[in-house]
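Subject: Structure handover

Hi,

Here is the structure for you to open. My notes on it follow below.

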Amino acid sequence: MTSPWEPKQYLRFRDERAQPFYDLLDLVRPIPGGHVIDLGCGPGELTKVLHARTHASATLGIDSSSTMLAESNKLNGPGLSFSYGDIATYRSLKGFDLVFSNAALQWLPDHATLFPRVAGLVRPGGQLAVQMPTNNDHPSHAIAHEIAGEEPFRTALDGYLREWPVMPPEWYAELLDRLGFEEQHVRLQVYAHHLASREEVIEWVKGTLLTDYKKRMDAPTYEAYLAAYRERLMSRLDAREPYFYAFKRVLIWGRKEPK
Ligand SMILES: C[S@@+](CC[C@H](N)C(=O)[O-])C[C@H]1O[C@@H](n2cnc3c(N)ncnc32)[C@H](O)[C@@H]1O
């Protein structure tokens, strides 16, 4: 299966998508000389900002997409590097002073197993910072799911439906406490995006959620899926321009107790 990530499509809404990153970064305490890992670093631009803002001596971005890595590797520099890595299996002997992940962990299932694993990468006294969308009840996401469950797409997808693994904010707060994070800040935030028109919602979702369906269908089936998605979505969204796209995200920060 080829990598479904298209950096150009993803970067179309660069500014809107960057704001939650900066809000997450604001929660992080500087770690001069520290070691940072960015899980699911994507095209790497924000990893570069993360590296500069934390004053870390080494920041490693990992991603499982070859197309994203082709972009991020152009940004290699002093203390900043990128490599292939699957978050689901990534291990490190030394651990990190900051484990950071912006808009990536929602792609991995079973957070009851994933989060303790990811938190295990944080050294004693270190920080964990994660941001994930939690907008699966918005028509932009709910309709993508609905249509994937209907014929002929259900057969083309072999019954596959993307389940949404993100749990309520308080679930992460309780988990952090149980995992020995002595300080924490967890919140749900609604981001207000003014898109030129409701059509732009499709372009937005094409850069993220729909990539998961696209990679599982042949081109004509995906085009038919997109047409069905467009028709139903447009009938459900407000025609007012600019279109107000309310987008919920959960921001999670914690600091582990020192040994
Ligand atoms: C929405 S992008 C976010 C990129 C970047 N963090 C940002 O804020 O711009 C999600 C990224 O997570 C990566 N990703 C998804 N599942 C992954 C996995 N299991 N291991 C590593 N990277 C993964 C994707 O390849 C993609 O680059």
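For residue classes, Ala, Val, Leu, Ile, Met, Phe, Trp, Tyr, Cys and Pro count as nonpolar, Asp, Glu, Lys and Arg as charged, and the others, Gly among them, as polar. This is a predicted model: local features need pLDDT of at least 70, side-chain atom pairs count only at pLDDT 80 or more, and totals for chains, interfaces and linings use all residues. Residues are numbered from 1 along each chain as its sequence is written.

Ligand shell. The shell around the ligand has 11 nonpolar, seven polar and two charged residues. Of the 20 residues around the ligand, Gly40, Gly42, Ser64, Ser65 and Ala104 come nearest.

Strand S1. Helices (H or I, at least four residues) and strands (E, at least two) are DSSP runs, numbered from the N terminus. A residue is buried if 20 or more other C-beta atoms lie within 10 Å of its own, exposed if 12 or fewer, and partly exposed in between, with C-beta atoms placed from the backbone. In S1 (residues 35-39), five of five residues are buried. His35, Ile37 and Leu39 sit on one side, and Val36 and Asp38 on the other. S1 pairs with S2 (residues 58-63) in the parallel sense, over five bridges. Two strands pair if DSSP finds at least two bridges between them. Leu60 in S2 is the bridge partner of Ile37.

Cores. A nonpolar core is a set of buried Ala, Val, Leu, Ile, Met, Phe, Trp, Tyr and Cys residues joined through C-beta atoms within 7 Å. The largest one has 39 residues, and Ile37 and Val99 have the most contacts inside it. Its largest share, five residues, comes from strand S5 (residues 122-133). Apart from this core lies another, of 16 residues, including Ile143, Leu210, Tyr213 and Leu237. Two residues are in contact if their C-beta atoms, placed from the backbone, lie within 7 Å. Neighbours within four places in sequence aside, Ile37 is in contact with Leu60, Ile62, Phe96, Val99, Phe100 and Leu121.

Helix H8. Tyr172, Leu175 and Leu176 are buried in H8 (residues 169-178). Seen down the helix axis, the buried residues of H8 fall within an arc of 100 degrees, so they line one face. That arc is taken from the directions from the helix axis to the C-beta atoms. The buried residues of H8 pack against helix H5 (111-119), strand S6 (181-195) and strand S7 (243-256). Glu170, Asp177 and Arg178, on the other side of H8, are exposed.

Backbone points to check. Most residues other than glycine have a negative phi, and most peptide bonds are trans. Ala103 is not a glycine, yet has a positive phi of about 60 degrees. Ala103 lies in the loop between strand S4 (96-102) and H5. Ala103 counts as buried because it has 20 C-beta neighbours inside 10 Å. Asp158 also has a positive phi, about 55 degrees. Asp158 is in the loop between H7 and H8. With 7 other C-beta atoms within 10 Å, Asp158 is exposed. A cis peptide bond joins Glu151 and Pro152, with omega about 5 degrees. The peptide bond from Glu241 to Pro242 is cis, with omega near -5 degrees.

Best wishes

Definitions and conventions: Near = placed C-beta within 6 Å.
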